[in-house]
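Open the model in your viewer and keep the selection panel at hand.

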Amino acid sequence: EIPKKPIITPPIGDINALNEAAKLLVNATNPVIVAGRHTFNEEGIRNLVELAEALQCPVIDQGARMNFPSRHPLAMRDRGRPLMNQADVILALEAGDVWGLTHRQHDDVEPWAERIGNPNVKIIGIAARDTA
């Protein structure tokens with residue numbers, strides 16, 4: 001007897017954490033969205049555009065895949081570092097290196113790293129890569 005394939009529901013974030021993230025973004029003075037490999041379809045792109053426009057928030061597309069229209073006025077890939085240095089809230093969507101958003105690392109003879117940007121920045125990381 002072959003068992004029936006179970007119905008799998010996608011993971012969902014904790015509602016309290018999602019509400020807190022929404023409050024942080026709405027109340028932020030200088031929010032920034034960093035888009036890694038977060039979407040696979042046009043609906044995901046439209047949703048990100050809608051979020052960015054509602055927040056009037058710049059989007060830094062990390063170039064992992066097309067996540068945000070490059071000609072959109074909130075697309076700021078080339079201004080990523082100055083914007084993140086000023087950010088009080090960063091929403092990282094499947095960003096590859098979240099630590100690297102707020103740190104600079106040097107690989108010289110004696111490697112070292114330093115914190116850069118706003119020392120009080122809040123980072124909201126949303127990723128599903130560790131759920132598989």
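In which segment is the place of Ile12? Select Ile12 and you are in the segment before α1; helices (H or I, at least four residues) and strands (E, at least two) are DSSP runs, numbered from the N terminus. This is a predicted model, in which local features need pLDDT of at least 70 and side-chain atom pairs count only at pLDDT 80 or more, while totals for chains, interfaces and linings use all residues. Residues are numbered from 1 along each chain as its sequence is written, and side-chain values use heavy atoms, with hydrogens and water left out.

Ile12 is exposed, with a relative accessible area of 75% (buried is under 20%, exposed over 50%, partly exposed in between; 1.4 Å probe, protein chains only).

Keep Leu18 and go to the largest pocket: Gly13, Leu18, Leu93, Ile126 and Ala127 lie nearest its centre, among 25 lining residues. The elements giving two or more residues to this lining are α1 (15-27), α2, β3 (89-93) and β6 (122-126), and α1 has the largest share, six residues. By class, the lining holds 18 nonpolar, five polar and two charged residues; here Gly counts as polar. The space in the largest pocket is about 750 Å³, taken as that filled by probe spheres set on the grid points. A pocket is an open set of points on a 1 Å grid where a 1.4 Å probe fits, with protein on both sides within 12 Å along at least five of seven lines; lining residues have an atom within 4 Å of a point.

Next, the salt bridges (a side-chain nitrogen of Lys or Arg within 4 Å of a carboxyl oxygen of Asp or Glu). The count comes to two.

- Select Arg46 and Glu42: their closest N and O atoms are 3.8 Å apart. Both lie in helix α2 (residues 42-55), four residues apart, about one turn of the helix. Glu42 is exposed, at 58% relative accessible area.
- Select Arg104 and Glu114: the closest N and O atoms are 2.3 Å apart. This pair links distant parts of the chain, with Arg104 in strand β4 (residues 103-106) and Glu114 in strand β5 (residues 112-115), ten residues apart. Arg104 is partly exposed at 40%, and Glu114 is partly exposed at 26%.
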